[in-house]
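Please keep the sequence and the three-dimensional view at hand while reading.

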Amino acid sequence: MMSHCQKTIKKEVAVAGIGLHSGQEVTMTIKPAREGTGIVFARTDIPSVPEIPARIDHVVDCHFATTIGNDRCRISTIEHLMAAFSGMEIDNARVELNGPEVPALDGSASAYVMLFREAGLKVQNRARRYIEILEEVSFTNGDKKVTLSPCSKFCVDFTIDFEHPAIRAQRFRGKIDSRTFRKSIARARTFGFLKEVDMLHKNGLALGASLDNAVVIGAKAVINSEGLRFSDEFVRHKVLDLIGDFYLLGAPLKARVKAVKSGHELHCNIMKFLAETPAAWRLSGSEPEYPDRLSRWGYPVVSPSYGLAASF
Ligand SMILES: [Zn+2]
């Protein structure tokens, strides 16, 4: 049952690049970690080297990117790296950064996947634990919706619909395992609209974004001279974001996730709702420390401004 054991990387690997939103150059070093650690980030540019576990209870912002933090520091745009950890089935790792944001590299997860392949994967001595959904749960905000239902695998069905000739309606459906992730999802890049650049810059966002790390969409078409990596690269990137976000549950998810126009905010809200609704899920295996960890999640369940449509 080797494939059901936890994994880490075999050796330390490092990469440098700029953050998508901050534009700041950051060096990221990823180190092996022992069984049961999970994914933990650390800021080495701060004297006390504060650590932040990559879990939903540490998410402090999820508007344009997923940011984790505590009273001492923040680390933003973790979702593509988290997707690579999830997709490559890496349970335990320590991510050290000397700045506030994960390097964007090419705007997809493919460079992180290459880093993990360079490091090699190490099978550890403890069983993987999965979060299994027991009852259908859904969360709605306007025309955006995400639904989790019971499934023995991790399956995603994502639909987007943009009123733009370069995108329109796109749908991706499939079981997500490491092969599907590497072949069909990891290379899909983040994207943005040229007309929104001024607004984003005024809000201190997308300062590091360029044609090197994002698909940029003009009035009628994609501006990047190389074009798209997949004809439906946009929905594939949304699936990548979803995979990264749901790894913040702290364990791999076994569920069918049906997402319509959803994003980081809706994903975070349904995860917070799950954390407060123990009847809707269970953790496979019987690791003594884990249920205790989950029970310590303490935050406001959901913002009252969101229409909650959960049913059991
Ligand atoms: Zn993204």
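**The nonpolar core**

The largest nonpolar core contains 81 residues, and those with the most contacts inside it are Met-82, Ala-84, Phe-85, Val-239, Ile-243, Leu-248 and Leu-249. A nonpolar core is here a set of buried Ala, Val, Leu, Ile, Met, Phe, Trp, Tyr and Cys residues joined through C-beta atoms within 7 Å. A residue counts as buried if 20 or more other C-beta atoms lie within 10 Å of its own, as exposed if 12 or fewer do, and as partly exposed in between, with C-beta atoms placed from the backbone. Helix H5 (residues 233-246) gives the most to this core, with 7 residues. Domain 1 (2-127) and domain 2 (131-295) both contribute residues to the core, so it lies between them.

The structure is a predicted model, in which local features need pLDDT of at least 70 and side-chain atom pairs count only at pLDDT 80 or more, whereas totals for chains, interfaces and linings use all residues. Residues are numbered from 1 along each chain as its sequence is written. Helices (H or I, at least four residues) and strands (E, at least two) are DSSP runs, numbered from the N terminus.

Of its 14 residues, 14 are buried, so H5 is largely enclosed by the rest of the structure. At 1.5 Å a residue, the 14 residues of H5 should span 20 Å, and the end C-alpha atoms are 20 Å apart, which agrees. The expected span is 1.5 Å times one less than the number of residues in the helix.

Which residues does Met-82 touch, not counting residues up to four places away in sequence? They are Ile-39, Ala-54, Gly-244, Tyr-247 and Leu-248. Two residues are in contact if their C-beta atoms, placed from the backbone, lie within 7 Å.

**The two domains**

The domain assignment of the chain gives domain 1 (2-127) and domain 2 (131-295); such bounds come from an automatic or database domain assignment. The C-alpha centres of the two domains lie 17 Å apart. Their contact takes 36 residues from domain 1 and 34 residues from domain 2. On the side of domain 1 that touches domain 2, helix H1 (79-87) and helix H2 (110-119) each supply at least two residues. H1 gives the most to that side, with 8 residues. By class, this side of domain 1 has 18 nonpolar, 14 polar and 4 charged residues. In this count, Ala, Val, Leu, Ile, Met, Phe, Trp, Tyr, Cys and Pro are nonpolar, Asp, Glu, Lys and Arg are charged, and the others, Gly among them, are polar.

**Strands and their pairing**

Two strands pair if DSSP finds at least two bridges between them. The table lists several pairs.

| Strand pair | Bridges | Direction |
|---|---|---|
| E1 and E10 | 4 bridges | antiparallel |
| E2 and E3 | 6 bridges | antiparallel |
| E3 and E9 | 5 bridges | antiparallel |
| E4 and E9 | 5 bridges | parallel |
| E7 and E8 | 2 bridges | antiparallel |

Strand E9 (residues 93-97) is mostly covered, with 4 of its 5 residues buried. Within E9, Leu-97 is the bridge partner of Met-28, Arg-94 is that of Lys-31, and Glu-96 is that of Ala-42. Met-28, in E3, also stands opposite Val-15.

Strand E1 (residues 5-9) has 4 of its 5 residues buried, so E1 is largely enclosed by the rest of the structure. Cys-5 stands opposite Ala-127 in E10.

A separate description applies to an open sheet of 3 strands, in the order E6-E7-E8 with antiparallel pairing. Its edge strands are E6 (59-61) and E8 (74-75), each of which pairs on one side only. Ile-68 has Ile-75 in E8 as its bridge partner.

**The loop around Gln-24**

The hairpin of E2 and E3 has 6 residues between the strands, and Gly-23 there takes a positive phi near 70°. Gln-24 is found in the loop between strand E2 (13-18) and strand E3 (25-32). Is Gln-24 buried, exposed or partly exposed? Gln-24 is partly exposed, with 14 other C-beta atoms within 10 Å. Leaving aside neighbours within four places in sequence, Gln-24 is in contact with Ile-18, Gly-19, Gly-99, Pro-100 and Glu-101. The C-alpha atoms of Gln-24 and Val-222, 198 residues apart along the chain, are separated by 26 Å.
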